[in-house]
Amino acid sequence: MAGTGAGYDLSVNTFSPDGRVYQVEYAQKAVENSGTSLAICCKDGVLFAVEKFMLSKMLVPGTIKRIFPIHRHAGMSIAGFLADSRQIVSRAREEANQYKSVYTDEIPPEVLAERLGNFTHLFTLYWSARPFGCTVLFGAVDPETKVPSLFQIDPAGLVYKFKGTAIGKGKQAAKTEIEKLMANPDITCEEALVHVAKIMHKVHDEKDKDFELEASWICPKSNYQFAAVPNDLLKTAEDKAKEMIEAEENED
Amino acid sequence: MEVIAPRSTAPRREFAKHVEEGCPYRDDDVMAPEKGVSTGTTIMAVEFDGGVVLGADTRTSTGQYVANRASRKITKMDERICVCRCGSAADTQALSGFVQFYLGQHAVELGRPPAVKTCANLFKIFAYNNKDRLMAGMIVAGWDEKSGGQVYNIPLGGSLIRVPFACDGSGSGYIAGLMDKTYRPGMSKAECIEFVVNSVAHAMARDGSSGGMIRTVVITKDGLEETHMEGNKLPFGP
Amino acid sequence: MAPGQYSADPKRHTLQPIVTGATVVGMKYAGGVLLAADTMASYGSQARYKDVCRLKKVGNYTLLGASGEISDFQYIGDLLDELDMTDFLQEDGCHMGPQEYASYIGRVMYNRRSKMNPLYNQLIVAGKKESGESHLAFIDHQGTAFQEEFIATGFGAYLAMPILRNEWKPDISLEDAKKLAIKCLQVCFYRDCNAYFKIHVATCDGETQEISEPIAMDHYWGHSAWLKKSLEGGTLGVNESW
């Protein structure tokens with residue numbers, strides 16, 4: 001009973017005397033143990049990347065996905081409990097689908113992000129529910145105007161709009177790097193790919209298991225549709241990123 | 001609908017056939033709702049560069065009797081979207097009410113005016129899903145930021161068809177040829193108004209179920225402009 | 001109605017189409033499939049909409065053509081678009097092709113007719129998935145479904161099928177197939193009250209899938225017997241023909 005929350009951390013519907021909901025904070029903690037996940041809004045689209053730990057040498061590469069399509073022009077990358085995130089992914093797909101069949105237009109990213117925030121928040125209100133142990137980065141490109149946008153939805157149900165952000169283990173270091181990268185407002189997804197690969201390799205903790213880099217984008221290269229970054233492009237970017245890191249290390 | 005209740009043993013004595021059990025309307029009532037107040041009508045809408053013009057006559061009849069000689073068949077759905085209604089007045093009014101409700105909610109969530117196509121699609125959903133029960137034809141017209149002036153027709157079965165100009169109601173049949181002759185693509189706003197008023201006036205002159213005045217609405221990005229033409233000042237007829 | 005009660009009146013659905021399209025013809029040609037349909041949607045016998053496309057792209061490999069009720073065609077189109085979306089979300093590189101869509105539509109049509117609430121269409125599903133076989137299928141409002149080398153729906157089943165039987169050959173070229181389709185729709189225009197002279201032609205060869213802009217067909221009225229004067233100087237009551 002006498003944990004860090006002195007008994008106030010057992011249910012999501014009891015505040016602690018200092019006004020905190022521990023369960024939600026613990027859920028956020030679960031996100032921080034996860035591999036880094038980042039997304040950036042480039043000039044011409046959105047780029048997602050995820051650091052996936054290879055749990056076993058016998059694991060088939062590409063077997064677990066952490067970036068999902070939501071509809072033709074939107075996707076979502078995950079940090080935290082993958083199984084929990086599936087609820088959000090499938091809810092997002094339902095909302096997008098239903099919106100389109102009723103209102104004929106594609107759901108505006110702001111609207112979908114807000115609805116997902118509400119959905120996530122519901123799981124922080126009832127004793128019978130457990131908050132989601134995951135944070136999602138939801139990115140979309142408007143099919144008409146080609147304007148990209150990016151949102152973060154955390155276990156509390158908060159919705160933030162970002163130009164670029166990272167979640168998970170290496171988020172602090174990654175965010176600093178993203179800030180430097182986004183100093184160039186004209187950068188395209190294709191140009192950013194190698195830098196993102198570099199960030200992911202840089203923030204990867206040597207103590208952790210080997211990792212696989214998963215990347216998806218919505219940009220001219222993918223005909224403004226959500227698609228996985230082609231393997232050869234990703235491989236080249238990763239190789240180049242490693243070279244750059246090595247060169248930097250040699251300078252020091 | 002006649003209802004058989006197996007649990008009640010006493011035979012029910014029928015003096016008059018009612019439309020439905022418990023319903024005050026009798027089947028032989030001249031005001032029976034299925035015969036109902038219907039907008040035997042002429043309505044139309046035309047698209048022009050930058051907006052739309054809608055027009056309608058003002059006669060509402062119950063059988064032979066003119067129930068209202070100055071009725072309003074054009075209903076506002078949003079600041080820049082209107083609908084012309086024809087068919088059963090009850091059905092189209094109810095439908096418009098539902099769509100106003102859903103479109104209003106949608107506009108709040110969206111934070112900007114909704115698209116004309118969205119409004120038309122909402123009408124379509126109701127019209128298609130209840131096609132067995134409804135007698136409702138709609139012309140949805142308006143202006144939105146993305147696609148400018150648009151006219152959509154939702155005829156009886158609940159299909160949704162975009163057209164450069166639409167005409168519906170009992171009077172539309174009398175002026176189909178006139179409209180084909182006088183319609184030109186790329187008309188100005190003033191020419192569109194003239195086209196609408198002239199067409200509707202000719203329909204009213206030949207269709208007994210259309211008549212009275214002509215109401216027109218012009219919708220552009222600047223909003224909605226409502227005008228009317230009195231029944232004794234029509235370009236043709238009555 | 002209270003539980004246990006039932007109505008003496010049967011529940012009725014609308015069992016007639018309202019806004020309708022006329023013939024669609026479809027045929028295989030060397031290396032692909034072709035569909036053609038006119039651009040009209042009629043309201044009874046009234047020529048109501050003259051610029052409607054009754055052909056639709058579904059996914060990357062499939063074309064759908066419909067005669068009959070337009071609203072039901074739009075509904076089926078929406079259903080298939082949703083299916084295509086689930087395909088996209090799967091991210092497994094597998095996509096449904098004409099065969100899959102055709103059998104899906106077949107089940108939908110049969111289900112609805114079994115509920116006494118049919119979707120009032122005759123449909124042609126055509127397509128070719130990459131280097132696979134060309135596929136052409138017919139499905140109607142009762143759920144009847146079959147595959148053929150060439151098909152015509154609606155009134156075209158009477159007017160166009162004989163022409164297709166006489167003139168279609170396996171491995172007909174795209175150009176000849178287009179000509180044949182136009183010939184069929186021309187006859188439909190002559191002899192079907194609800195047909196129109198403007199048409200769309202759609203093709204799918206496994207690589208590309210496209211629907212043409214509206215094409216205005218030629219039509220011919222110059223037979224000398226028809227233009228010959230029969231009243232001037234003719235004998236009363238002895239006309240050669242009506």
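**Entry 1: a tryptophan on chain C.** I started with W221(C), which sits in the loop of chain C between β15 (215–216) and α6 (224–227). This is a predicted model, so I am reading computed values throughout. Is W221(C) buried, exposed or partly exposed? With a relative accessible area of 48%, W221(C) is partly exposed, because that value falls between the 20% and 50% cut-offs. I then found W221(C) in a nonpolar surface patch of about 620 Å², made together with Y190(C), Y220(C), W226(C) and L227(C).

**Entry 2: the cores.** Next I looked inside. The largest nonpolar core has 47 residues, and I70(A), M76(A), F138(A), F123(B) and V140(B) have the most contacts inside it. Helix α2 of chain A (residues 82–103) gives this core its largest share, eight residues. I also noted a second, separate core of 29 residues, with A192(A), V196(A), M200(A) and V229(A) among them.

**Entry 3: around F138(A).** I went back to F138(A) and listed its contacts, skipping neighbours within four places in sequence. They include I70(A), M76(A), P109(A), L112(A), L150(A) and F151(A).

**Entry 4: T165(A).** I found T165(A) in strand β8 of chain A (residues 164–167). T165(A) counts as buried because its relative accessibility is 1%, under the 20% cut-off. Leaving out residues up to four places away in sequence, T165(A) touches S37(A), L38(A), A39(A), L137(A), L150(A), Q152(A), K175(A) and I178(A).

**Entry 5: a record check.** UniProt, in an unreviewed entry, puts "domain: Proteasome alpha-type subunits" at residues 8–30 of chain A. I checked that stretch: it is 39% helix and 0% strand, with its end C-alpha atoms 18 Å apart.

Notes:
Residues numbered from 1 in each chain as written. Chains lettered and ligands numbered in written order. Predicted model: local features only at pLDDT ≥ 70, side-chain atom pairs only at ≥ 80, totals over all residues. Heavy atoms only, no water. Core = buried A, V, L, I, M, F, W, Y, C linked by side-chain atoms within 4.5 Å. Buried < 20%, exposed > 50% of the residue type's maximum accessible area, 1.4 Å probe, protein only. Helix = DSSP H or I, 4+ residues; strand = E, 2+ residues; numbered from the N terminus. Contact = heavy atoms within 4.5 Å. Patch = residues over 30% accessible without salt bridge, like charges linked within 9 Å, V, L, I, M, F, W, Y side chains within 5 Å. Areas by Shrake-Rupley, 256 points an atom, 1.4 Å probe, with all protein chains shown as cover. Salt bridge = Lys/Arg side-chain N within 4 Å of Asp/Glu carboxyl O. UniProt positions renumbered as here; feature names shortened; annotations may be inferred.
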